[in-house]
Amino acid sequence: MKPSRVLAIARKEVRQLRRDPPTIGMLLGVPIIQLLLFGYAIRTDVENLPLAVHDAARTEASRELAARLEATGSFVRVADASGHEQMHDWLREGRVRAGLVIPSDYARRLARGEPASAQLLIDAADPLASQSAIAAAGAVAMAGAGGGAGIGEGLGAGTGAGPGAGTGVAAGTGSGIDLRVRPLYNPGLRAPVYIVPGIIGVLISITMMLITALALVRERERGTLEQLIVTPITRGELMVGKVAPYILFGYVQITAVLLLGHLVFDVPVRGSLPLFYAISFAFVVANLGLGLFISTLARNQQQAMMLGYFFLLPNILLSGFMFPREAMPELAQWLGLLLPLTYYLDVLRGIILRDAGLASLWQETGVLIGFSVLLLVFSALRFRKSLE
C-alpha cells in the first residue's frame, strides 16, 4: 500500500464532496440541529401525569391528600371519577395515567388516630413514569404518616383493581396515611413490557421509510427507473407496484415481533389483534409515503440515508418510545405531535397492554389515516414530477 495512492483517492473524494453541497450540509447540519433539539427535549423527570380522583369521603382531609399529590409536581388533576368502574375505564382508555381512590371513612379513621387507607392506581405500562409517580406518592404518604414504607397487600379485590392487580406498594404504614400504590398493566414494572411493543413502531418506521427511499433512488441511479417509464406501465401503477410489497413485509415484521415478544419476554397481548392489524395499515402506508417523499428529494443513496437519519432520530426520541412525553418541554411535545409514530405508539400500547378499543383510540386512528393519505398523495405528486 503506497501512501501517495491513498492520498490521491482521498483528494478525489474531497473534491467530489465539494461538488455536492447538499451532502456537506446534511453531514454538518443534521448532527448540530439534532444535538440542540434532543439536548433540550430529553428529560427523565416525569411531571404532570393526568390524575383522576374518586373522593368518596368529600372532607377537608381527603381534599388535602389530593392537593398534596398535585403539589409534588408529578400529577395534575384532570377529572373526578364517579366510582371505581369509571376510574378503571379512564385508565384503560389512556385518558388518565393515575387514579386516586379515597374511601368514605378516610377522615373518620384519621380523627380516631387510625391508619387512613387510600389507593393510588397507576398505569404502569411505562416503568420510568410509574417509578417517578410511585416515589412522589411515597413521599406524600411518609410526610402524612411519619412511619415507614414497604411492600404490602393492596386494598383487595373489592377496590376493583382491575388488570395487573397484585401486590402493591404500601407507603406510610404507621398511624396516619396508608397510601397503597397499585401498578396496573405492568405490575412488575418490567421494561420489556413497555419497550417490545414500541419496537414494532420503530422497526416499521425504519424499514418502510428507508427501504422505499433507497430502492427508488437506486433505481434512478442505475437508470432502470427511466427504462420502466417508457413501457406501457403508468406512473401510478409504477408507484403502487414499487411500494405494495413492503406492506406485506411490514405485516411480517409486526407478527414476528409480537410473537417473539410474547414467547421470549412474556409480553401480554390483551386487546384485539384484528383491530391492531387494521390500524397498522395506516401507519405502514404513512411511512411508505414518507420514504417515497425522501426519494424525490435525494439525488443519491447517501443523501437518502442522511435524510432518513434526520427523520428517524426524532421518531425514536420525541415519540415516547424511550422517554416519557410528559417529561419533555412543551415545545418538544408539540414537535412529537407531528410524528406518526407518536400516535401509533398510543395505539400499540393501548391495544396490546390495556385492551383499549376503537372507542378510545379513534382520535389516534383518525390522525394516522390523515397522515397516510396526505403523505402518500403529496409524495406521489412529487414522485410523478421527478420522473418528468
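## Confidence in the model

This is a predicted model. The protein has a mean pLDDT of 80, and 77% of its residues reach 70 or more. Confidence is lowest in strand β5, residues 149–152, where the mean is 35. It is highest in helix α13, residues 340–354, where the mean is 94.

One stretch deserves a separate look. Across residues 146–175 the pLDDT is below 50. In the model, this stretch still has 72 contacts beyond near neighbours in sequence.

## The cavity

How many cavities of 30 Å³ or more does the structure hold? There is one. The largest cavity has a volume of about 40 Å³. Its lining includes V196, P197 and I200, along with V257, L258, G261 and H262. V267, V269 and I352 line the cavity too.

Two elements give two or more residues to this lining: α7 (191–222) and α9 (235–265). The largest share, four residues, comes from α9. By class, the lining has eight nonpolar residues, two polar and no charged.

## The largest pocket

The largest pocket holds about 950 Å³ of space. It is lined by 32 residues. Which of them are the closest to its centre? They are G94, R97, R325, E326 and D346.

Helix α13 gives the most, with seven residues. This is also the helix where confidence is highest. The lining of the largest cavity, by contrast, has no charged residues.

Conventions
Residues numbered from 1 in each chain as written. Predicted model: local features only at pLDDT ≥ 70, side-chain atom pairs only at ≥ 80, totals over all residues. Heavy atoms only, no water. pLDDT = per-residue confidence, 0-100. Contact = heavy atoms within 4.5 Å. 1 Å grid on protein atoms, 1.4 Å probe; cavity = no way out; pocket = protein on both sides within 12 Å on 5 of 7 lines; lining within 4 Å. Points joined across faces, edges and corners; volume = space filled by probe spheres on them. Nonpolar A, V, L, I, M, F, W, Y, C, P; charged D, E, K, R; others polar.
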